[in-house]
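Welcome! Take a moment to turn the model around on your screen, and then let us walk through it together.

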Amino acid sequence: MKKIFVNGKIYLNPGRFASALCVENGLVTAVGTREEALSQGRGEVVDLKGRTVVPGFNDSHLHLLHCWFFLERANVSGASSIDEVIARCRDWLAAHPEKSVLVGRGWNHDRFIGEKRLLNRRDLDRISTEIPVILTRNCGHVAAVNSKAVETLKLGPDFPVEAGGRLGYDADGRCNGILYETAVNQVKYLINEPYSRMQIWQNLQKIAALANAAGITSVSTNDLYLGYPDAKAVEGGYHMYARNNPTIRVNHQISFYDLETLKKRLASGYDRSGNPAFNRYGPVKLFADGSLGGRTALLSRPYADDPTTRGQAVTGPEALKAFFREASAHGLQCVAHAIGDQGIENVLDAIESVNGGENNPLRHGIIHAALPRPDQLRRLATGRVPVLVQPVNLRRNASGLAEKVGEELASYASPYKTMLKNGIPLCFGSDGPIAPFDVMTGIHCAVNRQDSADAAGGFRPEEGLSVEEAVDAYTLAGARISFEESVKGRLLPGYYADFAVLSDDIFTIEKTRIRDVRVEMTMVGGRIVFTR
């Protein structure tokens, strides 16, 4: 069915707009004036009533399936103290007496009033001593479990912790219930209630609807961990989703248990998409380090507030290079999580080991790149290395950053404008469920650079972007990272008819009001998938 949208302000590229577009067979067939759109022939005419239209938003890095898991499990986000975390979990358990394990997420000890420390097994024993309890910090890189979990899994010196992970211990040598990095997922897989392929498909439908309401039409998601216990169910659930009226185009960022698992998958066939328009098999996803909040992001110097550590290499420098070599030899892209400056250094070394530092045909990239030093910005620019960043985290990370890492490293944080000026490809996303996939808040943060207190002037305001730059980073840049810029990220003839209709003109509205703009309608492939 042909649809002709008229009387709008349709964003084409910086400084260029149209008033009408025609959609047919899932594609934009014409864009321009009302007359030019109507000349395409008969069809349903939709009056946009002057509203602004932008290409569908593309979240360049998140964990889509885990966004739904986050909603249906114990949520302790925003808890102001250890006592509040415990109270919320007790309430959740009282409302779900059938549960044989409590899984939750969202606590942040940096925001606690009173004791600002990591949760441990003694804290979680106040929730329950009868069933295992695991609560993951909001960053996802640190978790705490109760004594029941410690005893059930025999967590201690003899527990076979996977490479890149570790357990915390009390002074008496007993596991204190604190888990770091790979140990977090390892323990969750051991005590979690497994999901079936059908449940995953159903959950994907639910979370995709919420993403559509935010104007999101495409995602690059890291949900598929091949070699892990739930891999078959997750992969099968995504296949079912892609075959049954999908409303989100998915590009998988795929993690592997180890290098041998990657080699085996390459030998048996890496790409099993089935429907690449909605279930694309994309890059290999690696972890170079952890998080700033968990003090596991890898720095070149000790943490200012904990001089005993520089963070943690989740995947060491030589192992990173081995993954990049193997993937590159098979024409596969790699994207690596790196937050601290030493983590960034290790990934740049790995990229340059396969590219020579001046060319990047496979578009190997860095996710987060929160603290790039000036010398690293030069390497990113020379090598045309994409960075996949989350502007919404500016509000969360700006407060107290210097206290964590020191004034010098903090002064390098999130230099978005500098990156663009130097030709570094900049892609926006949310890293959900670590942050909500609220695109308008993300654009607001990228433009206004406001911290968690929304302080006047914002955090390093000189690094603020124009609205056009922020919109492009949420649309066209995300298409480029998945090699789809010829069909996504713009509203031009031949491109997918994926777009969002906004309540206000985001390009002219007072900048401080950007976060109040709402998505009124979302279209994917010529099909309306959300209306407010």
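## A loop with a cis bond

Pro-433 sits in the loop that runs between strand S22 (426-428) and helix H17 (439-448). The peptide bond joining Gly-432 and Pro-433 is cis, with an omega of about 10°. Please keep in mind as you look around that this is a predicted model.

## The overall picture

Stepping back, you can find 19 helices and 25 strands in the protein. Along the principal axes, the C-alpha atoms fill a box of roughly 80 × 55 × 55 Å. How does the radius of gyration fit a compact globule? A compact globule of 532 residues would have a value near 24 Å, and the protein has 23 Å, so the two agree.

Of the 532 residues, 61% count as buried. Take the contacts in the protein with a separation of 6 or more: residues 24 or more positions apart account for 72% of them.

In soluble globular proteins, nonpolar side chains tend to be buried together. Here, the largest nonpolar core has 100 residues, and Val-284, Ile-366, Phe-428 and Ile-443 touch the most other members.

## Empty space inside

Rolling a probe the size of a water molecule over the atoms shows where empty space is left. How many cavities of 30 Å³ or more does a search of the whole structure find? The search finds four. The second largest cavity has a volume of about 80 Å³. It is lined by 14 residues, of which Gly-56, Thr-217, Lys-488, Gly-489 and Asp-498 are the closest to its centre.

Strand S8 (57-62) and strand S15 (216-221) are the elements that give two or more residues to the lining of this second largest cavity. By type, that lining divides into five nonpolar, six polar and three charged residues.

His-368 belongs to strand S20 (residues 365-368), and Ala-369 lies in the loop between S20 and helix H12 (374-382). Although His-368 is not a glycine, its phi is positive, at about 85°. Ala-369, not a glycine either, has a positive phi of about 40°.

Are these residues buried or exposed? His-368 has a relative accessible area of 8%, so it counts as buried. Ala-369 has a relative accessible area of 2%, so this residue is buried as well.

## Two more stops

Asn-346 is part of helix H11 (residues 341-355). With a relative accessible area of 7%, Asn-346 is buried, because buried means under 20%. Not counting residues up to four places away in sequence, Asn-346 touches Leu-298, Pro-317 and Leu-320.

For a last stop, find Thr-531 in strand S25 (residues 527-531). Which residues is Thr-531 in contact with, leaving aside its neighbours within four places in sequence? They are Glu-520 and Met-521. Glu-318, by comparison, is 213 residues from Thr-531 in sequence and 49 Å from it in space, C-alpha to C-alpha.

Definitions and conventions:
Residues are numbered from 1 along each chain as its sequence is written. This is a predicted model: local features need pLDDT of at least 70, side-chain atom pairs count only at pLDDT 80 or more; totals for chains, interfaces and linings use all residues. Side-chain values use heavy atoms; hydrogens and water are left out. On a 1 Å grid over the protein atoms alone, a cavity is a set of points where a 1.4 Å probe fits but cannot get out, and a pocket is an open set with protein on both sides within 12 Å along at least five of seven lines; lining residues have an atom within 4 Å of a point. Grid points are joined across faces, edges and corners, and a volume is the space filled by probe spheres set on the points. Helices (H or I, at least four residues) and strands (E, at least two) are DSSP runs, numbered from the N terminus. Ala, Val, Leu, Ile, Met, Phe, Trp, Tyr, Cys and Pro count as nonpolar, Asp, Glu, Lys and Arg as charged, and the others, Gly among them, as polar. A nonpolar core is a set of buried Ala, Val, Leu, Ile, Met, Phe, Trp, Tyr and Cys residues joined through side-chain atoms within 4.5 Å. Buried means under 20% relative accessible area, exposed over 50%, partly exposed in between (1.4 Å probe, protein chains only). The radius of gyration is taken over C-alpha atoms; the globule rule is 2.2 Å times the number of residues to the power 0.38. Contact means heavy atoms within 4.5 Å.
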